[in-house]
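Dear colleague,

Please find below the structure that I am handing over to you.

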Amino acid sequence: MNVENIRNLFPQLSEKVYGKDLVYFDNAATSLRPLTVINKWTDISSRHNANIHRAVHKTAVDATEEYESTRDAVKDFINAGSREEIVFTSGTTASVNLVAFCFGESLIEEGDEVIVSEEEHHSNIVPWQMMCQRKGAVLKVLPIDDDGCMMIGELERLCTSRTKIVAVAQISNVLGLVNPLKEIITFCHSKGVPVLVDGAQGIVHESVDVQDIDCDFYAFSGHKIYAAPGTGVLYGKKKFLEKFPPYMGGGEMIESVKFSGTTYAPVPVKFEAGTQNFAGIPTLKPALELANKFKDKELSEYVASVSEYLDYKLAGNPRIHIYGKPDANLKKIPLFSFSVEGAHHEDLALILDKMGIAVRSGQMCAEPVMDRFGVSGMLRISLAPYNTMEEAEYFIKSLDKAIGMLI
Amino acid sequence: MEKTLQEVENDFVEEFSMYDEWLDKYEYLIDLGKNLRPYPESGKTDDKLVRGCQSRVWLDYKVENGRIYFTADSDAIITKGIISLLISVYSGRTPGEILSDDFSFINRIGLKENLSPTRANGLVSMIATIKAVAEENS
């Protein structure tokens with residue numbers, strides 16, 4: 001599998017912006033959609049459009065089958081123990097909110113503690129803050145060092161008898177370093193503390209086996225791994241999901257509704273209130289299929305070579321400071337957040353945009369990381385397997401030109 | 001004779017129309033930003049921040065002989081160029097002149113459409129602040 005075959009699968013790659021070829025380097029925010037995903041959405045919307053789980057008619061049965069078979073595909077993709085442990089949501093944010101709320105309601109008491117890391121994006125901070133505020137619990141922060149590496153050793157100090165859950169990213173959307181999940185989870189479990197893994201970036205770049213890493217919850221979005229936006233997954237161990245109260249009420253999440261009292265459907269449907277995204281969720285099937293193909297050795301080597309080139313060029317520029325430097329044991333994904341001395345990240349992003357290059361600038365939904373490094377924002381490029389060496393070279397040339405304009 | 005506010009606006013519209021590419025227009029804005037009169041560090045306080053901008057923009061003013069004189073700064077140079085452009089047009093004008101202007105020269109330049117929505121919001125906030133200052137002093 002080579003990059004040229006892959007590019008044909010993504011129609012947006014032939015788009016022009018301002019008359020120039022689009023160079024899409026904002027994949028950590030959202031990936032592009034392959035034709036297989038677009039076609040799946042179109043197919044369901046034009047042939048199998050009916051509300052799922054309810055009616056007995058043929059179209060509804062087809063739609064339900066598309067949706068429910070996706071649950072099996074996701075279960076296989078992350079090697080979950082059972083399909084009942086896969087809850088569909090609208091994305092990582094919704095998944096984390098669900099856990100924070102339900103965990104809070106059922107397992108948190110006043111004075112209990114929750115730990116998140118300093119490198120989390122807002123979606124894995126704010127839901128916990130909200131829950132802690134509601135329950136009178138305390139939010140503690142696992143720090144990162146100057147290179148952006150999570151200071152795992154600090155867990156020993158932070159974890160107390162009041163610690164009820166730890167929530168960490170597999171890979172930060174700013175730093176791009178692959179955190180040692182197994183080590184974190186083994187330690188937390190030795191203290192009897194469950195772990196939620198925010199896999200928003202991790203699911204795209206790592207092979208995830210939730211049974212092997214033994215996390216208690218794993219959250220990810222479809223839109224970053226080529227599926228339709230508004231799709232998401234929460235993996236949760238059954239023992240927790242069954243103990244949790246429902247999150248939202250309504251739709252098919254019930255067993256029986258009486259004014260004298262309502263009983264709820266078994267997991268995972270208990271957590272899927274209201275009409276589900278039945279056109280979007282099934283796009284996870286072709287998306288995950290493609291993600292599996294992207295693990296191809298030849299392609300992975302190509303991606304690594306593009307990443308190495310960018311690292312070499314950026315690190316070699318004395319004006320550029322890269323955040324997130326892996327130590328010998330850590331791996332870094334093809335993502336670079338950096339600042340340029342004397343040039344504002346937004347100015348650079350605006351100029352690069354006019355050159356046809358889509359990059360991210362600003363706080364990247366991770367204000368505490370910006371504060372940690374004392375910057376108002378950063379510039380970020382994040383690559384996917386469809387990005388080429390030629391694009392990387394064009395980016396470096398364009399970045400130099402943009403810097404030249406600003407300094 | 002002093003140019004009217006409309007004449008200054010027309011000058012900028014003409015200046016911008018000379019550049020075909022937005023990259024060149026950015027270069028012009030960058031120049032405007034670089035040439036903006038220095039703004040005192042002591043004036044970079046939260047109450048001078050223009051709300052709604054993604055990068056930080058400070059806007060201050062004084063009133064002399066019935067005219068409003070604006071000073072401003074930003075940590076991003078293109079934004080600084082934009083506020084510099086606004087200052088070139090509206091600084092030294094009377095509140096009445098500012099309030100009777102329809103700010104349509106922004107559209108004639110094509111500035112708003114060529115900024116990302118967040119930047120465009122910032123531009124709208126800058127204009128709103130200038131109008132508010134004019135109203136306060138009218």
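The notes below describe the model, its two chains and two individual residues.

Residues are numbered from 1 along each chain as its sequence is written, while chains are lettered from A and ligands numbered from 1 in the order in which they are written. This is a predicted model, in which local features need pLDDT of at least 70 and side-chain atom pairs count only at pLDDT 80 or more, whereas totals for chains, interfaces and linings use all residues.

Confidence

The predictor assigns the complex an ipTM of 0.85 and a pTM of 0.93.

Chain B

Chain B contains six helices and two strands; here helices (H or I, at least four residues) and strands (E, at least two) are DSSP runs, numbered from the N terminus. Along the sequence, these elements of chain B follow the pattern α-α-β-β-α-α-α-α. The C-alpha atoms of chain B fill a box of roughly 40 × 35 × 25 Å along the principal axes. A compact globule of 138 residues would have a radius of gyration near 14 Å, and chain B agrees with this, having 14 Å. That radius is taken over C-alpha atoms, and the globule rule is 2.2 Å times the number of residues to the power 0.38.

Of the 138 residues of chain B, 33% count as buried. A residue is buried if 20 or more other C-beta atoms lie within 10 Å of its own, exposed if 12 or fewer, and partly exposed in between, with C-beta atoms placed from the backbone. Two residues are in contact if their C-beta atoms, placed from the backbone, lie within 7 Å. Among the contacts in chain B between residues at least 6 apart in sequence, 64% join residues at least 24 apart.

Helix 1 (residues 5-17) and helix 3 (residues 77-90) of chain B pack at an angle of about 145 degrees, and their axes are 9 Å apart. Such axes are lines fitted to C-alpha atoms, for helices over the stretch in contact, and angles run from 0 to 180 degrees between N-to-C directions. On the side of helix 1 of chain B, the residues involved are L5(B), V8(B), E9(B) and F12(B), which meet L85(B), S88(B) and V89(B) of helix 3 of chain B. By class, this contact of helix 1 with helix 3 of chain B comprises five nonpolar residues, one polar and one charged. Ala, Val, Leu, Ile, Met, Phe, Trp, Tyr, Cys and Pro count as nonpolar, Asp, Glu, Lys and Arg as charged, and the others, Gly among them, as polar.

S74(B) belongs to strand 2 (residues 67-74) of chain B. S74(B) counts as buried because it has 27 C-beta neighbours inside 10 Å. Leaving aside neighbours within four places in sequence, the contacts of S74(B) include R56(B), T79(B) and I83(B). S74(B) and R56(B) are 18 residues apart in sequence, and their C-alpha atoms are 5.5 Å apart in space.

Chain A

The domain assignment divides chain A into domain 1 (3-32 + 296-406) and domain 2 (39-290); such bounds come from an automatic or database domain assignment. The C-alpha centres of domain 1 and domain 2 of chain A lie 28 Å apart. Each of these domains of chain A brings 22 residues to the contact between them. On the side of domain 1 of chain A that touches domain 2 of chain A, helix 14 of chain A gives the most, with three residues.

In helix 11 (residues 284-293) of chain A, seven of the 10 residues are buried. The buried residues of helix 11 of chain A pack against helix 2 (35-47) and helix 3 (58-78) of chain A.

Where the chains meet

The contact between the chains takes 11 residues from chain A and 11 residues from chain B. Helix 13 of chain A supplies the largest share of the side of chain A that touches chain B, namely five residues. That side of chain A divides into five nonpolar, three polar and three charged residues.

S376(A) lies in the loop between helix 14 and strand 17 of chain A. With 18 C-beta neighbours inside 10 Å, S376(A) counts as partly exposed. Not counting residues up to four places away in sequence, S376(A) touches M370(A) and D75(B).

With kind regards
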